[in-house]
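User: I would like to learn how to read some side-chain and cavity features in a protein model. Please take them one at a time, with the general idea before the case.

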Amino acid sequence: MLAKSILTRDSRYVWHPYTQTATAPAPLPIVRAEGVYLYTEDGRKILDGISSWWVNIHGHSHPRLNTALRKQAEVLQHVLFAGCTHAPAVDLAESLISVLPKGLQRVFYSDNGSTAVEVAVKMAYQYWKNRGATRNVFIALHHGYHGDTVGAMSASEISAFTDPFKRLLFDVVRVASPHCYRCPVGLQRESCDIDCISSLEKALNAAPHSVAAVIVEPMLQGAGGMIVWPAEFLKGVRRLCDQYGTLLIADEVLTGFGRTGRMFACEHAGVTPDIICLSKALTAGYLPLGATATTEEIYQGFVSQDRSKTFFHGHSYTANPLACAVAAESLRIFRDEDVLARVKRLEELLKQGLKPLRSVRCVGDVRVIGGVGIVELETDGGRSGYLDEIGPKLGAEFLRRGVLLRPLGNVLYVMPPYVITEGETDWVTNQVKEVLTTIASDN
């Protein structure tokens with residue numbers, strides 16, 4: 001008897017994320033992956049142009065990461081992290097502190113990006129409570145996206161992602177972000193960040209002793225539209241947080257580990273947040289792991305003989321040894337192979353390939369930062385943003401051509417693993433050029 005295909009079995013039992021089953025095409029039946037390529041059950045070879053949802057940086061099935069995972073599995077697979085510790089967690093914490101912006105000193109582990117943010121929000125709130133202060137206001141940015149748990153959704157912009165759950169969310173004060181291309185007052189890039197900073201300053205001034213934290217995605221806002229910032233805006237956010245004595249939370253779940261050309265996006269502005277959220281590329285796409293790193297001052301705010309001041313948060317798989325071991329090896333790869341130089345070259349290639357698309361009639365803006373190339377389209381799809389019908393159509397066409405891209409509605413982006421070759425990068429950007437040129441000529 002022939003075995004049933006993956007798709008046949010999947011269609012009967014599995015529920016996929018971010019997928020409307022009534023309209024979505026069948027999922028790709030992936031059977032293996034290597035380097036920048038995914039291989040399907042029916043024999044296709046597909047270039048992974050979005051790093052498998054932004055997580056894979058060193059390529060699939062990396063020999064060093066495979067070895068680290070195998071060796072750790074032979075020693076210790078998991079143990080609870082409340083009341084226990086182990087070498088992989090300590091090794092990773094030491095390695096992270098050595099590369100994080102100076103001043104971040106303590107690492108709290110969780111399971112993924114949303115929970116890393118959830119930890120940060122709860123940590124900031126309780127930090128002030130432990131100090132006897134009432135600070136229950138959070139300031140977040142328009143176009144922000146921080147994850148799918150309730151706290152992370154609350155900090156995110158109301159959108160198709162969060163709208164069904166809005167009655168569950170707590171209120172935040174939302175201020176302008178420097179979406180220079182979509183600036184509503186028509187300011188030039190040089191002054192746009194100044195106007196947005198004044199929006200934040202007004203919000204802080206309205207409640208100077210009530211704000212627990214300001215939360216941002218530094219330099220690159222992801223799911224909200226792949227918005228690239230001027231570094232001056234991030235500097236201004238840090239300055240105002242210091243001026244008003246509140247905490248700065250940097251959600252670097254997407255931007256961490258080289259995505260923007262620096263190890264961490266905060267380095268573009270030379271700032272250190274009070275709390276930083278990490279996940280996605282932390283384990284180079286191998287295993288779920290989140291980390292929330294803080295200053296020693298925040299950590300000490302929870303150290304007390306009063307047990308009620310304990311940070312009551314944790315997960316069954318907190319600091320999983322397998323994930324920690326792979327993450328630590330990933331950081332060693334950064335050190336040994338000068339990965340950031342590779343990202344810099346990828347940035348140059350993306351600029352060369354995508355910047356000329358500004359002359360294509362349907363293209364509104366082209367943005368490149370680090371290993372991320374973004375093309376924002378002007379469409380008449382009727383529904384803007386993520387629900388713009390152009391997104392699924394583009395995704396299907398690129399897949400037909402052998403590259404996996406997943407547009408955010410009218411925002412097309414390329415975010416491949418860093419090991420992509422120059423020839424492969426040129427091929428991907430040529431596919432983008434051909435598809436968009438065809439769209440422009442058809443309209």
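Analyst: Start with charges and rings: a charge sits over a ring if NZ of Lys or CZ of Arg is within 6 Å of the ring centre and within 35 degrees of the ring normal. The charged end of Arg135 meets this over the ring of Trp128, 4.2 Å from the centre. Lys45 lies over the face of Tyr37, with 4.3 Å to the ring centre. This is a predicted model, in which local features need pLDDT of at least 70 and side-chain atom pairs count only at pLDDT 80 or more, while totals for chains, interfaces and linings use all residues. Residues are numbered from 1 along each chain as its sequence is written, and side-chain values use heavy atoms, with hydrogens and water left out.

User: How many aromatic pairs does a search of the whole structure find?

Analyst: A pair of aromatic rings is described by the distance of the centres and the angle of the planes. Rings of Phe, Tyr and Trp (its six-membered ring) pair if their centres lie within 6.5 Å; planes under 30 degrees apart are stacked, over 60 edge-to-face, and the rest tilted. The search of the whole structure gives 12 aromatic pairs. One of them is Phe81 with Tyr109, edge-to-face at 6.1 Å centre to centre and 75° between the planes. This pair links distant parts of the chain, 28 residues apart: Phe81 is in the loop between helix 3 (63–73) and helix 4 (87–99), and Tyr109 is in strand 4 (residues 104–110). Helices (H or I, at least four residues) and strands (E, at least two) are DSSP runs, numbered from the N terminus.

User: Are Phe81 and Tyr109 buried or exposed?

Analyst: Buried means under 20% relative accessible area, exposed over 50%, and partly exposed in between, with a 1.4 Å probe and protein chains only. Tyr109 has a relative accessible area of 4%, so Tyr109 is buried. Phe81 has 28% and is therefore partly exposed. Another pair is Phe302 with Phe311: the ring centres are 5.6 Å apart and the planes are at 70°, so this pair is edge-to-face. Phe302 and Phe311 are both buried.

User: Which residues form one aromatic cluster?

Analyst: Tyr18, Trp53, Tyr145, Phe161 and Tyr386 form one such cluster.

User: Which residues line the largest cavity?

Analyst: There is 1 cavity of 30 Å³ or more, and the largest cavity has a volume of about 30 Å³. Val121, Phe138, Ala140, Ala155, Phe170, Val172 and Ile215 line the largest cavity. This lining has 7 nonpolar residues, with no polar and no charged ones.

User: How many disulfides are there?

Analyst: A disulfide is a pair of cysteine sulfur atoms within 2.5 Å. The count is 0 disulfides. For Cys266, the nearest cysteine sulfur is that of Cys277, 10 Å away. Cys266 is at 1% relative accessibility, so Cys266 counts as buried. For Cys324, the nearest cysteine sulfur is that of Cys84, 14 Å away. Cys324 is also buried, with a relative accessible area of 0%.

User: What is phi of Trp54, and where does Trp54 lie?

Analyst: Phi of Trp54 is near 80°, a positive value in a residue other than glycine. Trp54 lies in helix 2 (residues 51–54) and is buried, with a relative accessible area of 7%. Lys280 also has a positive phi, near 40°. Lys280 is in the loop between strand 11 (275–278) and strand 12, and is partly exposed at 26% relative accessible area.

Notes: 1 Å grid on protein atoms, 1.4 Å probe; cavity = no way out; pocket = protein on both sides within 12 Å on 5 of 7 lines; lining within 4 Å. Points joined across faces, edges and corners; volume = space filled by probe spheres on them. Nonpolar A, V, L, I, M, F, W, Y, C, P; charged D, E, K, R; others polar.
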